[in-house]
Amino acid sequence: MKTFVICLDSFKPEYLKSTPFLRELTRDNSWGSLETVFGYTGIGAAIISGKYPEVTGIWREFCFSDSSPFKLIRYFESIEHTCLGKVTRLATDILFNLSRFMTNHGYYTSTRIIPFSLLPMVEPAMRSAWCQKGCLPVETIFDYLREKKTNFFYHDWPSVYKNNQRKFSFLQPNNDKFKVDLLLKEIPNHDFFWIRLWNLDSVSHNNDRGSKPLTSALLELDNHIKGLFTAMGQEEFKFLLWSDHGMVKVTRNVDVSKLLSGLESKFLVDSTSIRFYNVEPTESMEIMKRLKTTPGYFLDEGLKKKYKLGKLKKYGELFFLANPGVCFLPNNYSVSTVRGMHGYDPKIPEQKGIYLTNMISSDRKDLHITDLFQVIKSNL
Ligand SMILES: [Zn+2]
């Protein structure tokens with residue numbers, strides 16, 4: 001029987017009001033809210049392995065590193081904000097991804113907008129795509145599929161794999177319609193399908209609930225799923241629709257550039273957190289003083305335990321986390337204000353995602369993202 005695991009990036013339970021087909025599906029299938037792990041990239045690691053960052057070692061997209069692949073960019077620091085600087089960044093991104101492609105490490109990314117002064121000491125935490133062998137130090141769903149010799153199709157743009165064969169996909173459009181059409185074409189060739197639909201995430205970062213763009217993005221997503229069910233017709237199949245997080249309304253954007261200027265320590269800003277590296281004891285007092293009136297809190301040992309982060313020193317030594325609804329600017333990804341953000345304490349309701357599946361037969365029950373690993377595995 002074919003199995004479809006589809007990520008509806010940023011889908012919150014309340015969106016069911018605007019998605020008639022998905023709402024209909026909740027009648028005869030199991031569904032509930034889905035608590036995710038704290039952070040960003042660690043969420044993907046959690047669903048494929050059932051483990052928290054303390055075990056997977058994956059928490060944020062970038063970590064601090066002595067073997068950064070971006071070391072040479074230090075020579076271009078003085079031209080960072082010129083046209084030539086932009087060309088240098090683009091060339092760096094192309095070369096970086098090309099080297100990943102050549103060495104068969106399928107987790108593609110870019111330097112985002114991390115300052116040139118910082119890039120020589122950071123690197124992306126993930127190297128291989130989620131479906132690749134050895135991408136995490138623990139067993140993944142895809143290891144299990146390999147073991148069972150199940151044909152799989154994996155699409156998390158720009159990483160596309162048919163079984164263990166990567167496909168060159170950089171020139172394919174990163175839009176949901178294209179991905180769903182491709183999925184429909186691939187149905188006869190595989191038994192397990194893993195795809196991620198992304199459009200809702202970017203729309204909900206920039207538009208409020210009830211706005212026209214968000215309402216139409218939800219309807220579009222609803223139609224994509226309806227299209228898959230229609231294509232399957234009477235054939236029985238298993239499905240798990242899940243989202244990696246919800247979206248919290250941003251009520252305050254805080255410019256941290258002036259607040260933290262002149263500090264000796266290096267730091268990365270991830271929208272909802274500031275991570276300091278190589279902090280001298282005298283400077284940690286200064287950092288705390290400067291952030292005293294900023295709405296947020298420092299991560300202490302108790303919270304590290306609560307979020308199951310383990311000893312992830314490579315991500316930083318001192319962490320300041322935003323209160324829900326607060327976004328730090330400029331950050332690794334953006335200089336402009338947004339209307340929605342995720343990456344807050346996973347316990348708050350707005351931050352929760354959703355699951356909807358016919359793989360378990362319980363009544364509505366809220367789950368944690370690490371539970372889904374077992375749900376998928378036991379259905380293969
Ligand atoms: Zn997002």
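For the helix packing I used axes fitted to C-alpha atoms over the stretch in contact, with angles from 0 to 180 degrees between N-to-C directions. The model is predicted.

Entry, helix packing. I looked up helix 2 (residues 41–49) and helix 11 (residues 369–377), and found that they pack at about 35 degrees with their axes 6 Å apart. Helix 2 contributes I43, A46, I47, I48 and S49 to the contact, and helix 11 contributes I369, T370, L372, F373 and I376. I noted the classes in this contact as eight nonpolar residues, two polar and no charged.

Entry, zinc site. I found the zinc ion coordinated by two OD atoms of D201, by NE2 of H205 and by NE2 of H342, at 2.1 to 2.4 Å. The arrangement is irregular because the four donor atoms subtend angles of 54 to 155 degrees. I wrote the sequence spacing of the donor residues as D-x3-H-x136-H. H205 lies in helix 7 (residues 199–206) and H342 in the loop between strand 17 (340–341) and strand 18 (353–357), so this pair ties together parts 137 residues apart in sequence. I checked accessibility as well: H205 counts as buried at 14%, and H342 counts as buried at 8%.

Entry, whole chain. I recorded 11 helices and 19 strands. The C-alpha trace spans about 65 × 45 × 40 Å along its principal axes. The radius of gyration is 21 Å, which agrees with the value near 21 Å for a compact globule of 380 residues. Of the 380 residues, 57% count as buried.

Note on methods: Residues are numbered from 1 along each chain as its sequence is written. This is a predicted model: local features need pLDDT of at least 70, side-chain atom pairs count only at pLDDT 80 or more; totals for chains, interfaces and linings use all residues. Side-chain values use heavy atoms; hydrogens and water are left out. Helices (H or I, at least four residues) and strands (E, at least two) are DSSP runs, numbered from the N terminus. Contact means heavy atoms within 4.5 Å. Ala, Val, Leu, Ile, Met, Phe, Trp, Tyr, Cys and Pro count as nonpolar, Asp, Glu, Lys and Arg as charged, and the others, Gly among them, as polar. Donors are N, O and S atoms within 2.8 Å of the metal (3.2 Å for Na, K and Ca); water is not among the atoms, so sites may look incomplete. Four donors count as tetrahedral if all angles lie between 85 and 135 degrees; four count as square planar and six as octahedral if opposite donors are over 155 degrees apart and all others between 65 and 115; anything else is irregular. Buried means under 20% relative accessible area, exposed over 50%, partly exposed in between (1.4 Å probe, protein chains only). The radius of gyration is taken over C-alpha atoms; the globule rule is 2.2 Å times the number of residues to the power 0.38.
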